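Biologist: Before we discuss this entry, please display the sequence and the coordinates. I would then like to go through the ligand site, the helix packing and the backbone in turn.

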Amino acid sequence: MKYRIETDIVHGVHQTDPQTGALSMPIYQTSTFVFENAEQGARRFKGEEDGFIYTRLGNPNTNVLAQKIAVLEGYEAGIATGSGMAAVANVILATAQAGDHIIVDDTVYGGTHYLVEDDIRKIGIEVTRVDASHPEQVAEALQPNTRLVLIETPANPTLKLIDIQAVVDIAHAKNVLVCVDNTFLTPYLQRPKDFGADIVLHSATKYISGHGDVVAGVVVGSKEFIQKAYKVSTHYGWSMSPFNAWLLLRGLKTLAVRMDRHNENALKIARWLETHPAVERVYYPFLESHPQYELAKRQQKGGGGVISFEMKGGYEAGKALMDHVQLCTLAVSLGDCDTLIQHPASMTHAGMSEADLAEAHITPGLVRLSVGIENADDLMEDLDRAMRQ
Ligand SMILES: *Cc1c(COP(=O)(O)O)cnc(C)c1O
């Protein structure tokens, strides 16, 4: 990093157009790139000359986005992927093959859960699920063929935290790589690299975009690792579209101011929810009542924008809240300027058995709130009105 992070978020990687001087990078909406002659084409394919060939293999917009996230997260290189799930799959397939073993925390994004349980096991990669908030469980799960430890912190829905440094120390003693899904906090609020993580991935769909208009992902790490990840990504065809990269670079410019407001609003609302008669319990890392408050303060610069809370009236109260909010938007996803609310038991996880729900820590009255950047008082008034109805 050249400057402090707020400045690098705006400037970071050079984006002005060298040909016209346009401040905003043009959108290179092209599938292919013209060679001057056959020899140049050959040099580019052999990797003897830098330059673009075909957008699945690289494009100015997607490259700048990946490089910018790499700079902000403190790594050498990155690749942009078509979704956050493509980023997760990419990390796993670039680190492990049939016969290898990976360790995945038991509380991860739903898509990641199904990817490792269904598809990754099916191709012969062994998976052990542990509660990495107890790092000794990671130590116990390590095998001679372990290649990767994959964690998310904070993790949905209870906003459980994982001590990145503790997990890294255990994994590195056995030469195992650690990847952190940093979607919930972004490099502005948490830099896993500072605690030794080898790889960071994002669902850029969330705070990196911030505007709810793109599905995208990014993976960053060492040059050596990204070379492997690049191969996987280009072979499977997980590239991002140039226009999506352009939208993400645009959204990214306001990351620091958005995250400041998300933090401020979420802390205010979390504190207020703790005092609300209809609410049983609130989960938010920067509340003193969070069981890992000390770790949150050490590892994160802010609590982030996501709050979970338990309604006293259980399933019916959670469902009724969804039907009575007016300002909070009833939708999945998170990290948008708009406040999004959802009730997992009646919505995202409605198809799950009671045992699976319990395993995923999803209780009938649990509500997830992705606090936006509106006025916090308006949001509290909306929630209060809906809870009283
Ligand atoms: C949304 C999300 C993903 C998946 O990202 P998509 O962009 O939806 O594919 C992965 N990890 C976390 C933590 C997420 O919130």
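Modeller: To begin with the ligand, an oxygen atom of the ligand is 2.7 Å from an N or O atom in the side chain of lysine 206. Please bear in mind that this is a predicted model.

Biologist: What share of the ligand's accessible area does the protein cover?

Modeller: On its own, the ligand has 380 Å² of accessible area.

Biologist: Which residues come nearest to the ligand?

Modeller: There are 14 residues around the ligand. Those that come nearest are Met85, Asp181, Ser203, Thr205 and Lys206.

Biologist: At what angle do helix α4 and helix α9 pack?

Modeller: Helix α4 spans residues 84–95 and helix α9 spans residues 223–236, with their axes 9 Å apart. α4 passes α9 in a right-handed crossing. The packing angle is about 115 degrees.

Biologist: How many residues in the contact of α4 with α9 are nonpolar, polar and charged?

Modeller: From α4, the contact includes Asn90, Val91, Leu93, Ala94 and Thr95, which meet Phe225, Lys228, Ala229, Val232, Ser233 and Tyr236 in α9. By class, these are seven nonpolar, three polar and one charged.

Biologist: At what angle do the axes of helix α11 and helix α15 cross?

Modeller: Helix α11 covers residues 255–274 and helix α15 covers residues 376–388, and their axes come within 10 Å. α11 passes α15 in a right-handed crossing. The residues of this contact divide into eight nonpolar, one polar and three charged. The crossing angle is roughly 30 degrees.

Biologist: Which peptide bond has omega near -10 degrees?

Modeller: Most peptide bonds are trans. In the loop between β4 (146–152) and α7 (164–172) lies proline 154, and the bond from threonine 153 to proline 154 is cis with omega near 0 degrees. Proline 157 is also placed in the loop between β4 and α7. The cis bond with omega near -10 degrees runs from asparagine 156 to proline 157.

Biologist: What is the phi of leucine 159?

Modeller: Most residues other than glycine have a negative phi. Leucine 159 lies in the loop between β4 and α7. Although leucine 159 is not a glycine, its phi is positive, at about 55 degrees.

Terms used
Residues are numbered from 1 along each chain as its sequence is written. This is a predicted model: local features need pLDDT of at least 70, side-chain atom pairs count only at pLDDT 80 or more; totals for chains, interfaces and linings use all residues. Side-chain values use heavy atoms; hydrogens and water are left out. Axes are lines fitted to C-alpha atoms, for helices over the stretch in contact, and angles run from 0 to 180 degrees between N-to-C directions. Helices (H or I, at least four residues) and strands (E, at least two) are DSSP runs, numbered from the N terminus. A crossing is left-handed if the near helix is turned anticlockwise from the far one by less than a right angle, and right-handed if clockwise. Ala, Val, Leu, Ile, Met, Phe, Trp, Tyr, Cys and Pro count as nonpolar, Asp, Glu, Lys and Arg as charged, and the others, Gly among them, as polar. A residue is near a molecule or strand if one of its heavy atoms lies within 4 Å of it. A polar contact is a pair of N or O atoms within 3.5 Å; within protein, one must be able to donate a hydrogen and the other to accept it, and residues adjacent in sequence count only if both atoms are side-chain atoms. Accessible areas come from the Shrake-Rupley method with a 1.4 Å probe; for residues, only the protein chains shown count as cover. Contact means heavy atoms within 4.5 Å.
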